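Walk through this model from its fold down to single side chains. Keep the structure open beside the text.

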Amino acid sequence: MFTQRLKDLRKEKRLTQKELSQILKVSQQTIGSWEVGRAEPSTEMLDKLCEFFGVSYDYILGKTDTRKPPYYELSEQEKSDIAVQADQLLEGIESGDDLSFYGEPATEEQKERLRIAIRTAMEMNKEEAKKKFTPKKYRD
């Protein structure tokens, strides 16, 4: 399904394989390989394709016919910003009294789990806020 979706999206934009390859900075043969199913794009390249065509992963992979991701879905930039905020939070914790669990200083593994938990919680809170505060005219 991906092969046909890619071809259809490219043709909708009236692009040749060569033009799309120049935009994505890959060879024309790479685009051709994707369109006939001889190769699959990397996750990074899927990100670029989805961003360029303005569609969701599920759409380009053929899992849904809905083109756009939900309006509240976080962008990669928002996720990156949250990661920075989580790191700053942990740095603040670390610069104060030592972060400890059950009276023992936290190990790097425990700190990493905390970092992941904080980022996840912050991403969920951001999505919830976007659902609540995005004007209806911008929602799907």
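Contact here means heavy atoms within 4.5 Å. With that cut-off, Leu 49 touches Phe 2, Leu 6, Leu 24, Trp 34, Pro 41 and Ile 60, leaving aside residues up to four places away in sequence. We will come back to Leu 49 below.

A few ground rules apply. This is a predicted model, with residues numbered from 1 along each chain as its sequence is written. Local features need pLDDT of at least 70, side-chain atom pairs count only at pLDDT 80 or more, totals for chains, interfaces and linings use all residues, and side-chain values use heavy atoms, with hydrogens and water left out.

Start with the fold. The protein has seven helices and two strands. Helices (H or I, at least four residues) and strands (E, at least two) are DSSP runs, numbered from the N terminus. From that end, the order of elements is α-α-α-α-α-α-β-β-α. Of the contacts with a separation of 6 or more, 56% join residues 24 or more positions apart. The accessible surface is about 9900 Å², and carbon and sulfur atoms hold 48% of that. Such areas come from the Shrake-Rupley method with a 1.4 Å probe; for residues, only the protein chains shown count as cover.

Next, burial. A residue is buried under 20% relative accessible area, exposed over 50%, and partly exposed in between (1.4 Å probe, protein chains only). Buried residues make up 26% of the 140 residues.

In soluble globular proteins, nonpolar side chains tend to be buried together. A nonpolar core is a set of buried Ala, Val, Leu, Ile, Met, Phe, Trp, Tyr and Cys residues joined through side-chain atoms within 4.5 Å. The largest one here has 16 residues, and Trp 34, Leu 49 and Ile 60 touch the most other members. Five helices each supply at least two residues of this core: H1 (2-12), H2 (17-24), H3 (28-36), H4 (43-53) and H5 (57-60). H4 gives the largest share, five residues.

Look along H4. Its buried residues are Met 45, Leu 46, Leu 49, Cys 50 and Phe 53. They span an arc of only 140 degrees around the axis, which puts them on the same side of H4. The arc is that of the directions from the helix axis to the C-beta atoms. An α-helix has 3.6 residues a turn, so residues three or four places apart point the same way. The buried residues of H4 pack against H1, H2, H3 and H5. On the face turned away from that buried side sit the exposed residues Glu 44 and Glu 51. After H4 comes Gly 54, with a positive phi near 70 degrees.

Now turn to H1. Phe 2, Arg 5, Leu 6, Leu 9 and Arg 10 are its buried residues. Seen down the axis, they fall within an arc of 130 degrees, so they line one face of H1. They pack against H2, H3, H4 and H5.

Which rings pair up? A search of the whole structure finds one aromatic pair. The ring centres of Phe 52 and Phe 53 are 4.9 Å apart and their planes stand at 75 degrees, so the pair is edge-to-face. Rings of Phe, Tyr and Trp (its six-membered ring) pair if their centres lie within 6.5 Å; planes under 30 degrees apart count as stacked, over 60 as edge-to-face and the rest as tilted. Phe 53 is buried, at 9% relative accessibility. Phe 52 is partly exposed, at 26%.

Phe 52 also meets a charge. Lys 13 lies over its face, 4.9 Å from the ring centre. Arg 5 lies over the face of Tyr 59, at 4.0 Å from the ring centre. A charge sits over a ring if NZ of Lys or CZ of Arg is within 6 Å of the ring centre and within 35 degrees of the ring normal.

Finish with the loops. Arg 14 lies between H1 and H2. Its phi is positive, about 55 degrees, although Arg 14 is not a glycine. Arg 14 is exposed, with a relative accessible area of 75%. Lys 25, in the loop between H2 and H3, also has a positive phi, near 60 degrees. Lys 25 is exposed, at 73%. Glu 40 is found in the loop between H3 and H4. Glu 40 counts as exposed, at 74% relative accessibility. Glu 40 and Thr 3 are 37 residues apart in sequence and 9.0 Å apart in space, C-alpha to C-alpha.
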